[in-house]
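The following note is intended for a colleague who is meeting this structure for the first time. Please read the points below alongside the sequence and the model.

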Amino acid sequence: MSSEATVTAANRPAGAPAGSSSPADVTMRLWRGDASGGGFVDYTIENLGGEVVLDVVHRIQAEQAPDLAVRWNCKAGKCGSCSAEVNGKPRLMCMTRMSTLELSEPITISPMRGNPVIRDLVTDVSFHFAVARRIPAFHPGPREADGTYRMAQVDVERVQEFRKCIECFLCQNVCHVIRDHEENKPAFAGPRFFARLAELEMHPLDTLDRRELISRDLGVGLCNITKCCSEVCPEGIHITDNAIIPLKERVVDARYDPIAWLGRKIRRRPSPTPAYVTAALAPAAATGEVISTEPAPRATS
Ligand code: SF4
Ligand code: SF4
Ligand code: FES
């Protein structure tokens, strides 16, 4: 079918909104390559209508490029596997309707720029899991006398927002602190993990104090609250407002509250690396992973 075909009300593909540009064919401009380099390749394919970007990428894989690498699992916006940049914006391919894009122009699909490329649209997300291993897990205190744990509904709702995370890492990909600054990665956890840390720190049953870790090792101070991460989150988590800013406030309270400062002076406790931080860093040290425990460096731009 020619891409010049005229679309009328009678032959407009199902799902395409009236008045939208809905050509008979679409051009998908996919990045092909690997860690050694690559470039964009155009694929012209029939516009069936009613599809999401991942459907079209799969049809290209089935009909024109059987060696195309693309990662996906659920096709329902819940596994976080199909993250990519669609026309330069980090998105889930399975949740991006073709009808929301301008189909008269090539649609660019590229791998997430913040991660090293493995092949084509598949990137290496191991950095994010290495950060996850640095965060001490939920550590509840003893149960109540009747053997239960209790917490207020308002506390359940507060942390529930952060538990919606599907680990798509779109927020990590868009964050300028690490997107263009590889050198910041050892000293900056990134927005997904600030949401995880907020979930733990705000949990009323958790007994650990991670504020030193958050400030000194995971670099919350590098975030300048641009909110780019919140804008791309497919789960609508208010990462900046509800996680990062409260974490910054907690860190400041711990460090600069004069009463807390006086208490430390009286008790002569200088603020050493807590034992749980040392324990959390130990697995990374065993695998040879380079993790800085120095104060976080500042991005240069
Ligand atoms: S608000 Fe902070 S964490 Fe989120 S994208 Fe901006 S700098 Fe990164
Ligand atoms: S916080 Fe949102 S954007 Fe970030 S990994 Fe979780 S679901 Fe994805
Ligand atoms: S395939 Fe699971 S989120 Fe897209």
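1. A definition is needed at the outset: two strands are said to pair if DSSP finds at least two bridges between them. The model under discussion is a predicted one. In it, strand β3 (residues 83-86) and strand β4 (residues 89-92) pair in the antiparallel sense, with four bridges joining them.

2. Within this pairing, A84 has R91 of β4 as its bridge partner. The two strands make up a hairpin in which two residues separate β3 from β4. In the turn, N87 adopts a positive phi of about 50°.

3. Helix α1 spans residues 53-63, and its buried residues include V53, L54, V56, V57 and I60. Because these residues cover an arc of only 165° around the axis, they lie on the same side of α1. The face turned away from that buried side carries A62 and E63, which are exposed.

4. Against which strands do the buried residues of α1 pack? They pack against β1 (25-34), β2 (37-46), β3 and β5 (107-110).

5. Turning to the ligand, 13 residues surround ligand 1. The closest of them are C175, P191, C223, T226 and C229.

6. How do the residues of the shell around ligand 1 divide into nonpolar, polar and charged? Nine are nonpolar, three are polar and one is charged.

Definitions and conventions:
Residues numbered from 1 in each chain as written. Chains lettered and ligands numbered in written order. Predicted model: local features only at pLDDT ≥ 70, side-chain atom pairs only at ≥ 80, totals over all residues. Near = placed C-beta within 6 Å. Nonpolar A, V, L, I, M, F, W, Y, C, P; charged D, E, K, R; others polar. Buried ≥ 20, exposed ≤ 12 C-beta atoms within 10 Å, placed from the backbone. Arc of directions from axis to C-beta. Contact = placed C-beta atoms within 7 Å.
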